[in-house]
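Subject: Structure handover

Hello,

My notes on what turned up follow below it.

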Amino acid sequence: MKLTIVQTGEVPLPLRDRFGPYRKMFEAMFDRTGQGFSYETVNVADGEPFPDLAGVEGIVITGSAAGVYDDLPWMNPLRSFIRDAYGRRTPMLGVCFGHQIMADALGGDVRKSEKGWGLGRHSYRLIGQPDLLRGAPSSVAVACSHQDQVIVPPSEAEVILASDFTPNAGLAYRNGAALSFQPHPEFEDDYTLALAEMRRGKAPDAVVDRAVDSISTPSDSGLVANAIARFLARSGI
């Protein structure tokens, strides 16, 4: 199965030489699952054209520094792409901004949260024992880095991950082929730490300090990544 990585942003420039592009993080994450995916990347934020969905087997929409409320030339075409993919039941995953723009395109409400920055490793409760995470513990700890949140999910979506800070952190969609998460299972700990430290001066020091301390909590990113990979592969059959 080929995954089309729709790249909507990039690793911040001060960290790029050390950590490389986002697409490589997703490729490494999926490679570890052993599902045998292949990849192509479409950098829509840099003006690359959206692919013809007739030839797309699976979609991954990345994080971005952009917000869904930004007036960018690729934003409305991305919304149309998401709605068309959803209608076709093309397997689709959104992460962070990808989670937000999927919700926005399909009728939800996304805004900058009054709660401020979410940084470091957060714990999320599983809601409703979703099939894709069956057998998982009652909560999972995954890295995050965001200010915006899905405030109201689309009517087409069911909440499957939640925390007090991020009540709509994971959404499974009713077409059975779309899934999105606010946290980043593709982030390694060293990048999560570097990103949190880079927010110092923008986010309160106390928030950054808690983010740094949170990395001592064992990560469940591998568990979540395996669940995502199985979901995409199964949905693509």
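A salt bridge here is a side-chain nitrogen of Lys or Arg within 4 Å of a carboxyl oxygen of Asp or Glu. Keep in mind that this is a predicted model.

**Salt bridges**

By that criterion, the structure holds 11 salt bridges. Three of them are described here.

Start with Glu197 and Arg200. Their side chains meet in a salt bridge, at 2.9 Å from N to O. Glu197 is partly exposed, at 38% relative accessible area. Arg200 is partly exposed as well, at 32%.

Next, Asp109 and Arg111. Their side chains form a salt bridge with an N to O distance of 2.6 Å. Asp109 counts as partly exposed, at 25% relative accessibility. Arg111 is also partly exposed, with a relative accessible area of 44%.

Then Arg23 and Glu27. In this salt bridge the closest N and O atoms are 3.7 Å apart. Both residues sit in helix H2 (residues 22-33), four residues apart, so about one helical turn separates them. An α-helix has 3.6 residues a turn, so residues three or four places apart point the same way. Arg23 is partly exposed, with a relative accessible area of 28%. Glu27, at 13% relative accessibility, counts as buried. The cut-off for buried is under 20%.

**Nonpolar cores**

In soluble globular proteins, nonpolar side chains tend to be buried together. Here, the largest nonpolar core has 31 residues. Those with the most contacts inside it are Ile59, Ile61, Leu78, Ile82, Met92 and Tyr173. Which elements each supply at least two residues of this core? They are strand S3 (58-61), helix H3 (75-88), helix H4 (97-105), strand S9 (157-162) and strand S10 (170-173). H3 gives the most, with six residues.

Met92 is worth a look in the viewer. Leaving out residues up to four places away in sequence, Met92 touches Ile59, Ile61, Ile82, Ala85, Tyr86, Met102, Ala177, Ala178, Leu179 and Leu232. Another core lies apart from the largest one. That other core has 30 residues, including Leu3, Leu126, Leu132 and Leu161.

**Helix H6**

Helix H6 spans residues 205-214, and its buried residues are Val207, Val208, Ala211 and Ser214. Seen down the axis of H6, these residues fall within an arc of 120 degrees, so they line one face of the helix. What do the buried residues of H6 pack against? Their partners are strand S6 (118-126) and helix H5 (189-198).

**Backbone angles to check**

Most residues other than glycine have a negative phi.

Arg89 has a phi near 60 degrees, a positive value in a residue other than glycine. Arg89 lies in the loop between H3 and strand S4 (92-95). Arg89 is partly exposed, at 44% relative accessible area.

Cys96 also has a positive phi, near 60 degrees. Cys96 is found in the loop between S4 and H4. Is Cys96 buried or exposed? Cys96 is buried, with a relative accessible area of 6%.

Best wishes

Note on methods. Residues are numbered from 1 along each chain as its sequence is written. This is a predicted model: local features need pLDDT of at least 70, side-chain atom pairs count only at pLDDT 80 or more; totals for chains, interfaces and linings use all residues. Side-chain values use heavy atoms; hydrogens and water are left out. Buried means under 20% relative accessible area, exposed over 50%, partly exposed in between (1.4 Å probe, protein chains only). The arc is that of the directions from the helix axis to the C-beta atoms. Contact means heavy atoms within 4.5 Å. A nonpolar core is a set of buried Ala, Val, Leu, Ile, Met, Phe, Trp, Tyr and Cys residues joined through side-chain atoms within 4.5 Å.
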